[in-house]
Every structure is written in C-alpha cells, then in structure tokens.
Amino acid sequence: MENMDDIQRYFSQECFASNSGMKITEVSEGYAKAEMKIEKRHHNILGTVHGGAIFTLADMAFAAASNSYGTVAVAINADISFVKAAIEGTLYAEAKETSINPKISTYVVNITDDQGDIVAIFNGMTYRKKNKIVIPEK
C-alpha cells in the first residue's frame, strides 16, 4: 500500500462498517488499527455493545491489515471470543499479522476499551489473490 490516504480512500468504499461509525486510524504492512465510538445504535437488548458491532470492528481492522500489501485478500475463516462487556466510550481494534505466505495469511485482532482492557479476541485467515486492490481516484 502506498500510504495511509490510499488505504483510507480504499476503505471509504466499504459501506457497512463506515455507516456503523467505524474508521481505520492506522495501517502498515500486516498491521492496522480501527476504532468505534460507542453509540446507542451499537447496544443490544441488555444495554451492552452488540457482538455483531464488535465483530464488525475487528473485521474492519483485519481487512485493512490483510489488504495492506496492495493485493486482494479475502477472509476464509474468522472467529471471535468475547471476554468483557462494553457499554460506553470507544472500542479499538488492533490487527497484527501472525503468518503470511503467497496464498494464506493469519491475523489476531485484539479489541480493547478505553481502559485498555481486552473486550474480545478475533482470529482471522485470508486467501491472498493475485489481483491488486483498486484505489479510488482522489
């Protein structure tokens, strides 16, 4: 990936996460951070952040990290463990590459709250295609 502006423009095309109030804050090869300010729309019936919102935040960081080389990478497996409820503040997702080869790469994404406590742990695997991602024009 050429720079942070390129990855921001690329992921601005991703409607679901951005419409959910999530944004990429940092990207480098095999690494990404995303964040989400918790709003009422993110809550479940119990008043805590919905697991789907947490998964989406983790998935967004995972997608940015795995596509950060400029080559299309698509998820082939993902799982999440929820370890602490979140209610308010901001959630942060930090994706780190754990392995990479020409066809498969793996990532761990830690989702933390404002206190730095782990809220969830996401593991993802991608299939790395040969085609390049297409960065929208400025």
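What is the volume of the largest pocket? The largest pocket has a volume of about 160 Å³.

## Basis of the description

The structure is a predicted model, in which local features require pLDDT of at least 70 and side-chain atom pairs count only at pLDDT 80 or more, whereas totals for chains, interfaces and linings use all residues. Residues are numbered from 1 along each chain as its sequence is written, and side-chain values use heavy atoms, with hydrogens and water left out.

## Annotated region

An unreviewed UniProt entry lists residues 47-119 under "domain: Thioesterase". UniProt positions follow the numbering used here, feature names are shortened, and annotations may be inferred rather than shown by experiment. In the model, this span is 22% helix and 47% strand, and its end C-alpha atoms lie 15 Å apart. Helices (H or I, at least four residues) and strands (E, at least two) are DSSP runs, numbered from the N terminus.

## The largest pocket

A pocket is defined on a 1 Å grid over the protein atoms alone, as an open set of points where a 1.4 Å probe fits, with protein on both sides within 12 Å along at least five of seven lines; lining residues have an atom within 4 Å of a point. Grid points are joined across faces, edges and corners, and the volume is the space filled by probe spheres set on the points.

The lining consists of Tyr 10, Phe 11, Gln 13, Glu 14, Phe 16, Ala 17, Thr 56, Asp 59, Met 60, Ala 63 and Asn 67. The largest share, four residues, comes from α3. By residue class, six are nonpolar, three polar and two charged; here Ala, Val, Leu, Ile, Met, Phe, Trp, Tyr, Cys and Pro count as nonpolar, Asp, Glu, Lys and Arg as charged, and the others, Gly among them, as polar.

The 16 residues of α3 should span 22 Å at 1.5 Å a residue, and the end C-alpha atoms are 22 Å apart, which agrees. The expected span is 1.5 Å times one less than the number of residues. Helix α3 is mostly covered, with 12 of its 16 residues buried. Buried denotes under 20% relative accessible area, exposed over 50%, and partly exposed in between (1.4 Å probe, protein chains only). Among the buried residues of α3 are Thr 56, Met 60 and Ala 63, each of which also lines the largest pocket.

In the loop between α3 and β3 lies Ser 68, which counts as buried because its relative accessibility is 1%. Ser 68 and Ile 133 are 65 residues apart in sequence, with 9.3 Å between their C-alpha atoms. Helix α1 contains Asp 6, which has 7% relative accessibility and therefore counts as buried. The C-alpha atoms of Asp 6 and Lys 138 are separated by 8.9 Å, although these residues are 132 places apart along the chain.

## Strand pairing

Strands are taken to pair if DSSP finds at least two bridges between them. Strand β4 (residues 90-100) pairs with β5 in the antiparallel sense over eight bridges, and a hairpin joins β4 to β5 through three residues. Ile 100 has Ser 105 in β5 as its bridge partner. Strand β5 (residues 104-112) in turn runs antiparallel to β6, to which nine bridges join it. Bridge partners in β6 include Tyr 127 for Ile 104 and Met 125 for Thr 106. The hairpin formed by β5 and β6 has five residues between the strands, and Gly 116 in the turn has a positive phi of about 85°.

Strand β6 (residues 118-132) is also joined to β3 (residues 71-82), in an antiparallel arrangement with 10 bridges. Here Ala 78 is partnered by Gly 124 in β6. In a regular strand the side chains alternate between the two faces of the sheet.

## Selected strand residues

Ala 73 belongs to β3 and, at 8% relative accessibility, counts as buried. Its C-alpha atom is separated by 11 Å from that of Gly 30, 43 residues away along the chain. Tyr 127, in strand β6, is partly exposed, with a relative accessible area of 35%. Tyr 127 and Ala 75 are 52 residues apart in sequence and 6.3 Å apart in space, C-alpha to C-alpha.
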